[in-house]
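Subject: Structure handover

Hello,

Here is the structure you will be working with. Please open it beside this email and follow along.

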Amino acid sequence: MPSSEISEVQSDILREQIVPEFLALLADAPTLEHPAELEHLAATLLIPLAQPELPPEVGSAVVDALGARRDANAAGVLAAFAVLAPEPLAGQARASAQCLAREGIVSPASAGVGRLAVQEAVRIDSANAELLVVLLARPGERDVQTAILGIEHHETGGALVDCGLVPPAPVSEARELLDGVDGAAAPQPIAADELAARVLAAAQRAVDAEIALGAGAGPTLPIISRALTGDPAGLWCSRRGRTTTMS
């Protein structure tokens, strides 16, 4: 049901149902000490909030409830919302995080949120597909995260069919993923701009073909998209509203 058709009573019921569930997820979380943890939790929470049938008032209520917690975890998730959520939710989250910061309530990990950038990438071709392996780094951190994107060519003509993000790890471990896979061509370096163009084109083909990505893609797409394109919605905004996509 489109949000315009949802009554005020129904919107209130949704807020009463959803906000406590979101807060329970945060209450069960340990202290979030790494920006990757904040980003993953925030991106997970944003999946239901991005559904077109959900009234924007529900997202606003979630942000208000996070601010009312007045703790470091909530401050960190608000900071992650500010860089990963669509507007106007991002702006509201940013304002709430700034309000908490003025009271001395901050998450040390939030300084690294949204700062992943491409450090190195390779393209690995096989008979019917290609694998893009991307090392993503944050300024001043030794560990990196590895994004792995699969593009299928035989049946879809080059659609994105898989998307994953590995938790932070030492560069030495991450580089093992750059070495390639058995039965595939040798890895070929790919520049950041060419990488972004290939992934954007593949994501659009997936939209056109209504290809469903795995459940794990939901929390990773906005994070990877921001790192590759500067826009957390760059790879997935056109996917919203399609039940055949992220689940």
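**The sheet**

Ala121 has Val134 in E2 as its bridge partner. Helix H8 packs on the sheet and touches E1, E2, strand E3 (144-152) and E4. The direction of H8 makes about 95° with that of E4. Such axes are lines fitted to C-alpha atoms, for helices over the stretch in contact, and the angles run from 0 to 180 degrees between N-to-C directions. Contact means heavy atoms within 4.5 Å. Helices (H or I, at least four residues) and strands (E, at least two) are DSSP runs, numbered from the N terminus.

A note on the source: this is a predicted model, where local features need pLDDT of at least 70, side-chain atom pairs count only at pLDDT 80 or more, and totals for chains, interfaces and linings use all residues. Residues are numbered from 1 along each chain as its sequence is written, and side-chain values use heavy atoms, with hydrogens and water left out.

Back to the strands. Strand E1 (residues 117-125) and strand E2 (residues 129-137) run antiparallel and are joined by eight bridges. Two strands count as paired if DSSP finds at least two bridges between them. E1 and E2 form a hairpin, with three residues between them.

E2 also pairs with E3, again in the antiparallel sense, over nine bridges. Here Val134 stands opposite Ala147 in E3.

How covered is E2? Seven of its nine residues are buried, and the strand is mostly covered. Buried means under 20% relative accessible area, exposed means over 50%, and partly exposed is in between (1.4 Å probe, protein chains only).

Five strands form an open sheet in the order E4-E3-E2-E1-E5, with antiparallel pairing. Strand E4 (159-165) and strand E5 (188-189) are the edge strands, and each pairs on one side only.

**The whole chain**

The protein chain has eight helices and five strands. From the N terminus on, the elements run α-α-α-α-α-β-β-β-β-α-β-α-α. The chain has 247 residues, and 44% of them are buried. Among contacts with a separation of 6 or more, 66% join residues 24 or more positions apart.

The chain exposes about 11700 Å², and carbon and sulfur atoms supply 53% of that. These areas come from the Shrake-Rupley method with a 1.4 Å probe; for residues, only the protein chains shown count as cover.

**The cores**

A nonpolar core is a set of buried Ala, Val, Leu, Ile, Met, Phe, Trp, Tyr and Cys residues joined through side-chain atoms within 4.5 Å. The largest one holds 63 residues. Which of them touch the most other members? They are Leu49, Val77, Phe81 and Leu149. Helix H4 gives the largest share of this core, eight residues.

Look at Leu49. Leaving aside neighbours within four places in sequence, Leu49 is in contact with Phe22, Leu54, Val58, Gly59, Val62, Phe81 and Leu89. Another core lies apart from the largest one. That other core has eight residues, among them Val133, Leu135, Ala174 and Leu178.

**Loops and backbone**

Start with Arg70. Arg70 lies in the loop between helix H3 (56-69) and H4. Its phi is positive, about 55°, although Arg70 is not a glycine. Arg70 is partly exposed, with a relative accessible area of 46%.

Where does Ala101 sit? Ala101 is found in helix H5 (residues 89-102). Ala101 is partly exposed, at 37% relative accessibility. Ala101 and Arg70 are 31 residues apart in sequence, and their C-alpha atoms are 9.8 Å apart in space.

Next comes a cis peptide bond. The bond runs from Glu87 to Pro88, with omega near 5°. Pro88 lies in the loop between helix H4 (72-84) and H5.

Glu210 also has a positive phi, near 50°, and is a residue other than glycine. Glu210 is in the loop between helix H7 (192-208) and helix H8 (217-229). Its relative accessible area is 46%, which makes Glu210 partly exposed.

**Cysteines**

How many disulfides does the whole structure have? A search finds zero. A disulfide here is a pair of cysteine sulfur atoms within 2.5 Å. Are Cys99 and Cys163 buried or partly exposed? Cys99 is partly exposed, at 33% relative accessibility. Cys163 is buried, at 6%.

Best wishes
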